[in-house]
Structure formats: structure tokens, C-alpha cells
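Walk through this model from the fold of one chain to its contact with another.

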Amino acid sequence: MKAFAQGIEELTMSNGDDRKTDQDSESLPPYLKQWRGLSMRKGNEIIEALPEDVAVATSYPTTNEKGEIAGGMRLTILTKKKHYQVGEEIRVIHVMEIVEPGHELFIMGPKPVYGEYIDDRPVTPPRPEVQDYDGVVLESPNVDYNYDITSYRIFEPGRHRIYWQMGELRSNTLELEIVTS
Amino acid sequence: MHTYAQKPKAPQQTTSARSTLPGRTHFGQSREVNSFLHLQRTIGNQAVQRLLQTSTGELGEASSSLASPRFGHDFSRIPVNHSQVRARTAPEEPISLRSCDMEGTEAAEGAEDLDQDSGVPVPAPSPAPPALPAPAPAPAAALNVTVPAHVRSASTPTGMPDRIPPRVDTPATVGITGWHLPMLDVTISVEGAGGGNGSVTINGANSVDLAASATVQLRGVDQTAPGNAGGLRLVARQGPTLLASSSGFSVSSIPQNFSVSFHSQISTPTMRGLRVNNHWESDSGNVADLDEAERSEQVQYGAATGIWAGVVGGNNSGYLPANSPPLVDSHGTPLARFTGSGSRIAEQTFTFNDKRTGAADIPATKSGFRLTRIAITAPFLGIMFTVDKRGAATSANGFASAAGSGSVTRTQVI
């Protein structure tokens, strides 16, 4: 039996960071060298994200585990590590990158994460058809980190898969190993 | 013969630029006064005052022409021995009153002699000659000098550390009371410049010399590097003596005075609305100076009716570089929403980070806007959709600001 609990809670990490990187930061495009910060919601407030989440998000430019590019865009999800204890909090960072020019990137947020799946089961609502927008837009190529940070706890040991899908655009799939202590 | 044993002071004249004070008397007119000045700057005020107070004789007449309220002293009342003054205007270095011939002069009664090296009182030689009555000194208040405790331009928002912008003047009032000749001028300067702390001019120079209260103009030149905040201080010195100092401050430019102008209408297969250019200024007058500043948008939804009822909450943009305006704001509504009438108000303000001072999440001055959407069902026409954005004093996500400038209104038929 699987149990998921979404929500922002206090983060406690005990294991090391096992994310992989392969890209030299010097060779990054300029827009990936700019860090705009990471926010999260706490009730009705927008506050600065936890340092642990910021550390995960800022690893995006150099990680080798990004979503496939489709139509000049890609979605990527990131976690601090790949191995978690049963019931340990898993915090997921969301990134949208548009790699080709000619598009607008809507960076206001933190935007709700629609269409996230764990083991092919939806754990967030589907994207609504109607969404107004107010605020700055950036021309592509560019990157947007301004999405809610989702939080899960998985109580069934074994391998579990997480991905994020918006329309036909699908993120990389994170394969997490949940182990008993 | 008297032995004066006061330790000579180090030369105190600085190389700083001197301000031009209206009405200031220059001493080049009088050789005698030049002599006093030279003495005073060479061996210190106390020795000269003592000399003035204990001398007698022929200079009384010669100096009477110097009586002037500008000097704070009536020199006509001070007896000075001409020959003794001349002896000190061309000294063999180093100047030391121990070597001066003070024969025929008397120290004021009760004056204390100090050993040159130890500073301890030296017994007066005996027998002491009869003391002549010293002239009553002109009453003089104690010197009191003040500089602003906080050096910050008027454009500095509440919550920011003390700072001034580059390129433009920031006035600072220096208070001086009790100054009188033969005191040294009070030198106003900014200490701590360089090494990433930034640099500042005062009335266009590195320092100014003052003898009376004045408002000086501080102008940032080099901006403070990130990590070096608060390394500058406005100080007042008399010679090497520190008289007053401000708290630490920085030189940095910040974004302010946001405005909007029309960019384009949104008319895509799925969206309608308005795009506006979002401009801002630097308080230095040059947005290129904002290379260590970042700006962020705050949007909060307010009253909503009809087709927008229930839309609440707020958004921000994260921080973007502040040195490349304008950016484009988009205010779009999906066509699918236009099922009837309604309205919605959104409040918008801007915040900034300044890496030079370390300030974060500071509400930008004059960056408030109100965005109004109105959809009206019109017979035979469809839905008239109007978007209006204009400057308004408001707050969003807890950040308040006075009104920005500009307004843009466009109506589309859906």
C-alpha cells in the first residue's frame, strides 16, 4: 500500500547529495548563469525557499538529468537525492526551460504544479483550462524556476518514479529508491 | 629666563582642498598675522595662546588694526612683543619653545609648564619675576562639531542601510560652534575610501576645511563592492583629532520611479489582454549603475466579481537584473474565461535587492500600480473587455509603495 502526503513541512535531510552533474558552468548560456531566487508559499505569504531547496534548484544548469526537449521547451524535476528512508520527506523542484528564441516565458509565481505523477498516479490536479496572468514575461531562451515545491512521503520500500507533465510536454522521470532504515 | 617645556605638536596643516567660504578673511594681508598662523600651525594652539597672553610691548599698536569680529578675538587687546614673534617665524628646525629666548616675558600666573618628553609639570625657576597682569581673554565657547549620524540620501527607502548614490549630490549638514582663531580649521572628509568600500567627494574635492557650520555636498564616485557595505564614514577632524564621525555608509544606486507605457495588445487564438513596458530609473540618474541591483514584481489580487470571482492570492517574479529596463509585463486572460461580465483588481508593487549594501526585499519608491480588468456583456457586440493599468499608491504581498507613473487603457471586443 502506498501513501502520499503533499504539503510543505520542515525539511530534514540525513543523506548526502547524489545528483549528477556533467556540464562545465563556464560553458552555460547566459540565461542559465542568472539566479533569480526561489520562493515558496507559507499560507497566504510568499517567502524565500529553504536553503536546501535553493541548493537543489541552483544545481539545474549543470545537471545531466533534464527533461527531453520538445518544441524548444523542456520540463525538469529535481530532488536532493535518489535514496530516501521510508516516510522521509521528498521535496521536488520544478524547472521549465525554453531553449530556442521566439517564445515568452511566464515567470510569475510560485505557480501551482499541475500534472505531477508518482508511479503513474496523478498526485496534483490536472492543469486548468483558464489561467489569467499578470506580470513580467521574458523572451526565450530562458528558464523559469518559479513553481511550487511539492513534498511527498513514500511509505512503501522499493523503487518509485516521479514525473511532471504539462500537455504533451513531459519532464524527466526521477527514479527514487525508498529503503527501510 | 623662563623655560617653556611644552612638547611641540606635529604639523597639522592638511593637504586637503579648502572650501571657499564667503566672507572668510585671508591672512596674506599681514606679515604679523602670518607669523601667528605659522606659529600656531607649527607648535600648536596652546603655545601660541600662551605666547599671546604673556607678551607685552610694541606689537600692541601694530596689531590693533587686526581687531575684527571675524577673528573671534580683538587683537588690539593682546599685547605681543614684535621681536619675539619674529624670532619664531624663522626658526631653525625643529621648532621647540624650550630653545626660544623668552627673556623679558612672563608666563601668565598659574600657567603650568610641561616637560617636553614626559609631559609632567616642571617646577618654575625661582625666583619668579613679578607677574604682570594678563589681559582678560575674549570669552570663547568650547568647539563643538557635529556631522550627520547617518549619511543617507533622501532617496534611500526605509529598511535600507545608510547609503548615497553615485553621480548626484547628497547634502550633509556640518555643525560647528565655538570655533575661533587661532584654531585650526575643521577638516571634513570621508574615511575608509578605496579597497572596495567606494569613494565620495565633498563639494567636489577629497575634503573641505570649515570654520563655521555649513551644508556640504557628498557625491558618490566609486560604488561600494558587494561585501564591503558600510565601510565609509563622514568625519570631522581638527588636525589629527577626531571631532565627529557618522556611522558607516555605502555608495550604491537603487531602482526607483517605476512607470508604464503601452507595448502591445494580446490577441492570440487563446488569450486577450495587454502588454505594457515597465520602466524604472536609477537614483543615480544612470541605470547602468544598477549592475548590482535586482528587481522583483509583486502582484496581489483584490476585489473580483463575475467571471473572476474566487481568484485570490498573489504572485512574484523572482529577482531579475535591474540594469536593463524596460521589461514587459503581460496581463492576459484566456478566451475561455469570457462567459459573462465581471471585474477584477490586481495591485502591483516592485521590490529590489542591492548587493552593494546587502539590502534585500526593499519596496521600490514610487512603484505602485493598479490593474483593473472589466468585462461587460454588450448587446449585439459581445463582451467588451477593458484592461487598465495606472500608477496608484498601493501594496502587494506586504510591500507598500507610492504611486508609479503612467497609465495604459485598452478595450477589446471578445
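Buried residues make up 33% of the 181 residues in chain A. Buried here means that 20 or more other C-beta atoms, placed from the backbone, lie within 10 Å of the residue's own; 12 or fewer is exposed, and in between is partly exposed. This is a predicted model: local features need pLDDT of at least 70, side-chain atom pairs count only at pLDDT 80 or more, and totals for chains, interfaces and linings use all residues. Residues are numbered from 1 along each chain as its sequence is written, while chains are lettered from A and ligands numbered from 1 in the order in which they are written.

Chain A has 14 strands and two helices. Both are DSSP runs, numbered from the N terminus (helices H or I, at least four residues; strands E, at least two). Among contacts in chain A with a separation of 6 or more, 73% come from residues 24 or more positions apart. A contact puts two C-beta atoms, placed from the backbone, within 7 Å.

Strands S1 (residues 39-42) and S2 (residues 45-48) of chain A run antiparallel, joined by four bridges. Strands pair if DSSP finds at least two bridges between them. A:Arg41 has A:Ile46 in S2(A) as its bridge partner. Two residues separate the strands, and A:Gly43 in the turn has a positive phi of about 65°.

Now turn to chain B. The contact takes 18 residues from chain A and 25 residues from chain B. On the chain A side, strand S9 (residues 133-139) gives the most, with five residues. S9(A) runs antiparallel to strand S16 (residues 327-334) of chain B, and five bridges join them. Within S16(B), B:Ser330 stands opposite A:Gly135.
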